[in-house]
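Here is a short report on one structure. It covers aromatic contacts, charged contacts and a pocket.

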Amino acid sequence: MNDLKKIKSALVSVYHKDRLDEIVKKLNELGVKLYSTGGTKSFIEEQNIEVTAVEDLTTYPSILGGRVKTLHPKVFGGILNRRENEGDQKQIAEYEIPEIDLVIVDLYPFEETVASGASEQDIIEKIDIGGIALIRAAAKNFKDVIIVSSRDQYVDLIDLLNEKNGESSFEDRKAFAGKAFATSSHYDSAIFNYFNGGITDKNRISLNDGHVLRYGENPDQSATFYKFNNADSEVTLANAQVLQGKALSYNNLLDADAAWKSASDAYHSVTHLDKKVAVSVIKHLNPCGLAVTDDVLKSLELAWAGDPISAFGGIICFTDTVTAEIAEWFEKKFVEIVIAPEFTPEALEVFGKKKNLRLLVTPVKDEITGEKLYRSISGGMLVQDEDEGMDPEFKNVTKIQFDQNKMNLAKFGITACKHLKSNAIALVTENSDGSFWLTGAGMGQPNRLDSLRQLTIPRFNMKEGTKIEESVLISDAFFPFRDSIEAANEYGVKYIVEPGGSIRDEEVIEACDEFGIAMLFTGRRHFKH
């Protein structure tokens, strides 16, 4: 069966005209009759190519400020008529409707207009009506019509015209139709999300241009990486520039995101330093090191010292420029990724010796982004707000008053703790120069007591010169029993910060009073699953 169909006529109505000249010149060379309107028609005429105005076909002018141009039976009848349907053929002959074999559309740039901060009126005017209708009509009738629904497909059309001399197969037309419905559904999702404005009982997620990864979390799992079109901010980990190294894996991307967020949040949490640099060291989504000082190298050394064993093979994120001195520091250390806002040329030269090491460039994350977090479960999806910003309340609940000189350290500690997997306990310490660092971290345990005894305290005890009585202990959620307070007292803890909210809060407070521990309630939990 020969399913090749010759393109004899084409309707062209596009916003972006890059490489459109190649297309219309080739169509003209193949003897294809062209229909167009507005700016596209003028563009075609500038190529010295004959084109028929849609207004001449419909005998109606473009009206309502250009809102209505192609919405007419003589246009849509020419697209939707079924070539092998006798009734359709009688009707188009009766009403003198010409067949249209190819439709080329490029929609108004709605998402770009939203991202530009344009007024609502300008945004509304960029909701394409005629274009989206043309796409759906041509895609529906793919047995007879080719639809090019985006400038991203111009090259595909040029190749087809050159390879098949103006003909197309059933498979060609169906492939273009599939892309067309992807275009229209994504466009409608973007419009819905603009009007939706947040989480409701309805949500639309549209993902395009997926990058297939080598594998997923494990080699036997397939995985694909997609970028969101973030209208609110271009500063995202997904938009980071990769300067060198092996292709990023599924696990790399997750860890890099955790590193970037934890370093950025730590940077924002510290306000007492005139110059500040945050460095995070991430392993399996958890900060095993986190520090903020007034110097890049100092921050790196403290962050690495947080847990030097776990730091092997980790992901490192800086909030300041990485220099050759920093690059040389890594000479005999193995890490997977280094992230920074900038690398000096000299640093790149040093890092270039490690061909597999990935270098990512991205600015510091905004303190508040308003991003949503998406997570799938079997048969469904969960959507929630990002856990962002500093806790607004710090209430002294014990007889011993919490040292106000440790409030900044407490805020840094909350930031460090919220990036640890629950149940999480963090110990943070201030050095004499005003630098803050994560000196003990317990995470991912089924109970809070194990996080404290088995992980946080042993890691803290590895640090020479740190005094636990001068450090601050943070819990990501309330203590359900006084046993954790008893354990903290055994090790010499004198300052604790937790959200509160347990039915046994009074027992926990009484334990602190009994042991002379100062405690703050923040009223805000930071579970991380």
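## Aromatic pairs

Tyr187 is buried, at 8% relative accessibility. Buried means under 20% relative accessible area, exposed over 50%, and partly exposed in between, with a 1.4 Å probe and protein chains only. The model is predicted: local features need pLDDT of at least 70, side-chain atom pairs count only at pLDDT 80 or more, and totals for chains, interfaces and linings use all residues. Residues are numbered from 1 along each chain as its sequence is written, and side-chain values use heavy atoms, with hydrogens and water left out.

The count of aromatic pairs is 14. Rings of Phe, Tyr and Trp (its six-membered ring) pair if their centres lie within 6.5 Å; planes under 30 degrees apart count as stacked, over 60 as edge-to-face and the rest as tilted. Phe110 and Tyr187 make an edge-to-face pair, 6.3 Å centre to centre with 65 degrees between the planes. Phe110 belongs to helix H6 (residues 110-115) and Tyr187 to helix H10 (residues 170-196), so distant parts of the chain, 77 residues apart, are linked. Helices (H or I, at least four residues) and strands (E, at least two) are DSSP runs, numbered from the N terminus. Phe110 is buried too, at 2% relative accessibility.

## An aromatic cluster

Trp304 and Phe330 have ring centres 6.4 Å apart and planes at 80 degrees, so they are edge-to-face. Trp304 sits in helix H12 (residues 296-305), while Phe330 is in the loop between helix H14 (324-329) and strand S14 (335-340); the pair therefore ties together parts 26 residues apart in sequence. Both Trp304 and Phe330 are buried.

The charged end of Lys333 lies over the ring of Trp329, 4.1 Å from its centre. Lys276 lies over the face of Tyr267, at 4.4 Å from the ring centre.

## Salt bridges

How many salt bridges are there? The count is 29. Each is a side-chain nitrogen of Lys or Arg within 4 Å of a carboxyl oxygen of Asp or Glu.

Asp391 and Arg524 meet in one, at 3.5 Å from N to O. Asp391 is in the loop between strand S17 (380-385) and strand S18 (395-396), and Arg524 is in the segment after strand S23 (518-521), 133 residues apart. Asp391 is buried at 4%, whereas Arg524 is partly exposed at 22%. Glu514 bridges to Arg482, with the closest N and O atoms 3.0 Å apart. Asp88 pairs with Arg82 at 2.7 Å between the closest N and O atoms. Asp265, Lys365, Glu388 and Lys418 are linked in a network of salt bridges.

## The second largest pocket

This pocket has a volume of about 530 Å³. Of its 27 lining residues, the closest to the centre are Gly66, Arg67, Lys69, Tyr108 and Asp128. On a 1 Å grid over the protein atoms alone, a pocket is an open set of points where a 1.4 Å probe fits, with protein on both sides within 12 Å along at least five of seven lines; lining residues have an atom within 4 Å of a point. The volume is the space filled by probe spheres set on the points.

The lining has 10 nonpolar, 10 polar and seven charged residues. Asp, Glu, Lys and Arg count as charged; Ala, Val, Leu, Ile, Met, Phe, Trp, Tyr, Cys and Pro count as nonpolar; the others, Gly among them, are polar.

Methods:
A charge sits over a ring if NZ of Lys or CZ of Arg is within 6 Å of the ring centre and within 35 degrees of the ring normal.
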